[in-house]
Amino acid sequence: MSELTSAAGRAWVFGDAVDTDVLAPGHLMKLPAEELATHCLEAIRPEFSRAVRPGDVVVAGRSFGIGSSREQAAVSLKLLGVGAVLALSYARIFWRNALNLGLPALVIPDATRIAEGDQVTVDVAAGRVDNRTTGESWQIPPLPPHLLRIVEVGGLMPYLKSRYGRAAASAAALTGRQSG
Amino acid sequence: MGLTLAEKIIARAAGTVSVAPGDLVTVRVDLAMAHDSSGPRRWRPRLEELGAGLWDPERVVIVSDHYVPAVDLASAEILQGVRKFVADYGVRHFYDMQGICHVILPEHGHLKPGMLVAGGDSHSPTGGAFGCYMAGFGATDMLGIVVTGETWMDVPHTIRVDWNGAFTSGVTAKDIMLFLCRALGMDNASRVIEYGGSTIEAMEMEQRMVLCNMAAELGADTGIIAPDAKTLAHIRAHGGEVEDDALDWRSDEDARYLGRHAFDAAALAPQVAAPHSPANSAPAVDHAGIRIDQAYIGACVGAKLDDLTMAAEILRGRKIAPGVRLLVAPASTMVTRAASETGVLGALLEAGAVLLPSGCGACAGMGAGLLADGDVCISTTNRNFKGRMGNPGASVYLASPYSVAAAAVAGHIVDPREMLAERAGRA
């Protein structure tokens with residue numbers, strides 16, 4: 001499976017309605033993206049930004065990302081190395097933002113069967129989630145093809161580059177790096 | 001099978017005659033709006049990277065409302081960047097420090113029925129009060145829209161919410177929304193809330209905007225209200241051009257709704273949402289007695305002329321309680337001027353209010369009026385998530401302008417109808 005569309009790491013489990021103010025606090029929005037990311041989720045999990053490791057998976061309940069349209073909510077998770085978000089449902093704007101940034105955000109009806117610290121692997125293209133700790137695995141609703149394409153190339157910017165830009169998609173763009 | 005208003009607009013924008021919920025379509029956008037936080041500062045580097053311009057600068061509206069006025073070097077630079085952007089990219093519709101984007105658009109006649117509008121802010125559903133399909137998008141999504149003039153949508157279901165009957169004194173559209181956040185919950189993605197019924201027909205446009213604005217708190221894709229004579233009159237009075245046949249933008253009799261809800265406005269009491277969720281609402285009397293440090297009248301949802309006028313109904317001839325700070329940030333400079341002319345502004349200031357600049361301000365956790373650890377605030381804004389107004393250790397209660405003004409006078413949360421009744425008794 002492609003590195004851009006997979007994740008393998010520990011699960012960080014949250015409840016319902018994790019909002020954009022805890023993901024990217026408004027009063028810190030003037031900070032550079034990397035600095036803002038160090039405050040991601042600190043209001044409810046102070047250790048998150050320090051302890052999260054690349055490839056870790058955020059698991060949540062309903063309406064993940066509700067609130068503001070601020071893209072920094074998804075940017076912060078991506079900058080911290082979160083490999084995927086698995087939730088019962090998403091706020092629409094957050095969900096679009098995440099995919100636009102190349103951060104897989106998938107709906108998993110059995111999200112509550114994943115516990116804090118479980119080792120989880122996600123294959124976005126195949127729509128497969130494995131809980132290596134419990135041995136359970138799930139086939140989840142796949143992303144529509146046009147969104148899978150956006151996630152596979154690393155987000156909307158690389159996608160726009162390949163479709164509209166005069167420059168071909170660069171290697172840097174394919175890593176999903178975004179300015180601002 | 002008939003179509004809902006939202007489906008008709010999406011079908012038209014997709015260049016087809018009919019769509020159904022769940023369809024994936026590409027739509028042409030009629031208008032794109034963004035502000036100083038989500039727009040130019042995020043777009044310019046990406047546009048330069050793409051070597052692209054705006055698809056149609058005439059269809060782009062830029063409003064500086066989040067970092068206004070500049071309070072430090074970072075905000076000054078952000079605002080300067082916006083001014084440079086509109087000059088470089090040929091954006092003529094630019095409103096610099098004149099108010100909050102969701103209020104600016106209708107103040108300048110930009111919205112009309114049947115339009116599909118993309119807004120770079122989550123409270124973009126406000127535009128639905130004018131019979132548009134207007135939804136919020138993040139910065140990269142908006143970038144894609146302003147480059148191509150189009151975006152993808154999964155056609156949402158429509159939920160019909162009817163309110164019938166007349167409000168009792170002291171009850172407002174805001175109370176409807178705080179009630180609905182509790183009744184319908186906040187997990188309504190892929191749904192549009194279509195409001196109707198005699199209560200909504202009787203409402204002026206500014207109250208209808210409250211209903212659509214807080215469709216965002218329901219988690220809905222947007223809110224929408226079919227246009228009527230009031231809609232067209234408002235558009236025309238604000239410089240917009242609209243034909244009478246715009247009234248044809250309405251749901252078919254046999255449109256299919258995912259759900260229908262009907263409520264009695266006469267039975268609704270003033271509502272207050274406790275920390276840290278708009279859905280954590282209850283009748284104001286249930287929170288009566290909770291001491292407050294700050295009362296905030298501001299934001300797109302709660303500081304239009306109509307909102308300030310309600311607050312003045314309570315505050316005229318009264319003083320705010322000792323130790324309470326009452327902050328008022330009118331939603332636009334046009335609102336400030338109008339409130340000055342009607343005497344509303346004077347009533348607020350006489351009562352002890354401090355006047356703040358027009359902008360998103362403390363509601364977005366950015367401007368003047370942020371809270372300290374342990375502060376308790378009652379606010380006319382739309383969100384009270386943890387840390388929303390600056391400090392995660394602060395408590396924010398959401399309420400109508402009547403309830404916020406009444407709490408400022410009492411020093412604690414009260415049912416505002418008590419003070420309105422006193423006034424009526426004296427008169």
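Modeller: The centres of domain 1 of chain B and domain 2 of chain B, taken over C-alpha atoms, are separated by 25 Å. The bounds, which come from an automatic or database domain assignment, are 5–264 for domain 1 and 270–426 for domain 2 of chain B. Everything here describes a predicted model, in which local features need pLDDT of at least 70 and side-chain atom pairs count only at pLDDT 80 or more, while totals for chains, interfaces and linings use all residues. Residues are numbered from 1 along each chain as its sequence is written, and chains are lettered from A and ligands numbered from 1 in the order in which they are written.

Where the two domains meet, 33 residues of domain 1 of chain B are in contact with 32 residues of domain 2 of chain B (two residues are in contact if their C-beta atoms, placed from the backbone, lie within 7 Å). On the domain 1 side, two or more residues come from each of helix 4 (101–107), helix 6 (173–184) and helix 8 (205–213) of chain B; helices (H or I, at least four residues) and strands (E, at least two) are DSSP runs, numbered from the N terminus. Helix 6 of chain B gives the most to this side, with six residues. By residue type, the side of domain 1 of chain B that touches domain 2 of chain B divides into 13 nonpolar, 12 polar and eight charged residues, where Ala, Val, Leu, Ile, Met, Phe, Trp, Tyr, Cys and Pro count as nonpolar, Asp, Glu, Lys and Arg as charged, and the others, Gly among them, as polar.

Chain B also has an open sheet of five strands with parallel pairing, in the order 4-3-2-5-6, and two strands pair if DSSP finds at least two bridges between them. Strand 4 (93–96) and strand 6 (133–136) of chain B are the edge strands, each pairing on one side only, and from one strand to the next the twist averages 15°. Within this sheet, strand 2 (residues 31–35) and strand 3 (residues 60–64) of chain B pair in the parallel sense over four bridges, and Met33(B) has Val61(B) in strand 3 of chain B as its bridge partner. Helix 5 (residues 139–148) of chain B lies across strand 2, strand 3 and strand 5 (116–119) of chain B, and runs at about 140° to strand 2 of chain B; axes are lines fitted to C-alpha atoms, for helices over the stretch in contact, and angles run from 0 to 180 degrees between N-to-C directions.
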